[in-house]
Amino acid sequence: MTSHLLLFGLLVAGCSLAFASDPSPLQDFCVADQNSTVFVNGLVCKEARLVQADDFFYSGLQLMGNTSNAVGSAVTPVTVAELPGLNTLGISMARIDFAPQGINPPHTHPRATEILTVIEGRILVGFVTSNPENRLITKLLQKGDVFVFPQGLIHFQKNVGNGYAVAIAALSSQNPGVITIANAVFGSNPDIAADILAKAFQVDVNVVYQIQSKF
């Protein structure tokens, strides 16, 4: 009986690992057919004979994003939406530009682990572990440093220098998704009831209304 339970446990663990990220491709490539109206978990493959080199190509990551906004950062994503050849390959990337003291505010990627490389500047990064510990793990990164954010955990980056900073992120999904915490909580459509947020954050309901007005 013990051996059977061990075997079952190993099978469950193996299945969990097998389904922990995007499905593996079953052919050389599956370039996304962005004109298809068929809804599947992912994107429908373009007919192979119609695939061109440009389906695997993206240009523009050398360009700085516009950081003239409230948080002082800009993310330039390269996901399957921008690069159809990523479909079924389980990877994507992004360029992140920071104005001096700019932040990439606390957010999470529901479908991907992220690995970040600092290209220029000094960037403070961190993530928070899940309940009940909610431990903050943080590190100051220099040019050339690499840091990983585990899938689904809330994380952030801040440019702590006086000049502009740049980082490149790689993500373990063709469509990692992003949930910016402040936007989701205070800028949902329709609004989350203010009394719920007031109780959750232990503040007066008028404080909630004030924050919601900014989103």
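Predicted model: local features only at pLDDT ≥ 70, side-chain atom pairs only at ≥ 80, totals over all residues.
Which exposed residues does the face of α3 turned away from its buried side carry?

Residues are numbered from 1 along each chain as its sequence is written, and side-chain values use heavy atoms, with hydrogens and water left out.

Confidence comes next. The mean pLDDT of the protein is 90, and 90% of its residues reach 70 or more; pLDDT is the predictor's confidence in each residue, from 0 to 100. Contact here means heavy atoms within 4.5 Å.

Now back to α3, residues 194-201. Helices are DSSP runs of H or I with at least four residues, strands are runs of E with at least two, and both are numbered from the N terminus. In α3, Ala194, Leu197 and Ala198 are buried. They lie on the same side of the helix because they cover an arc of only 105° around its axis, the arc being that of the directions from the helix axis to the C-beta atoms. In general, an α-helix has 3.6 residues a turn, so residues three or four places apart point the same way. The face turned away from the buried side carries Asp195, Lys199 and Ala200, which are exposed. Buried means under 20% relative accessible area, exposed over 50%, and partly exposed in between, with a 1.4 Å probe and protein chains only. The buried residues of α3 pack against α2 (181-186) and α4 (205-212). Just after α3, glutamine 202 takes a positive phi of about 55°.

Next, the cores. A nonpolar core is a set of buried Ala, Val, Leu, Ile, Met, Phe, Trp, Tyr and Cys residues joined through side-chain atoms within 4.5 Å. The largest one has 14 residues, and those touching the most other members are Phe98, Leu116, Ile123, Val125, Leu141, Phe147 and Phe149. At least two residues of this core come from each of β2 (92-98), β4 (114-120), β5 (123-128), β7 (146-149) and β9 (165-171). A second, separate core of six residues includes Phe186, Leu197, Ala198 and Val208.

What does the record say about binding? An unreviewed UniProt entry has the annotation "binding site" covering Asn104, His109 and Glu114. UniProt positions are given in the numbering used here, feature names are shortened, and annotations may be inferred rather than shown by experiment.

Histidine 109 is found in the loop between β3 (103-108) and β4. It is buried, with a relative accessible area of 10%. Glutamate 114 is in strand β4 and is also buried, at 3% relative accessibility. What joins their side chains? A polar contact of 3.0 Å does. That term means a pair of N or O atoms within 3.5 Å; within protein, one must be able to donate a hydrogen and the other to accept it, and residues adjacent in sequence count only if both atoms are side-chain atoms.

Glutamate 120 is found in strand β4 too, but this residue is partly exposed, with a relative accessible area of 39%. Leaving aside neighbours within four places in sequence, glutamate 120 is in contact with Lys143, Tyr164, Ala165 and Val166.
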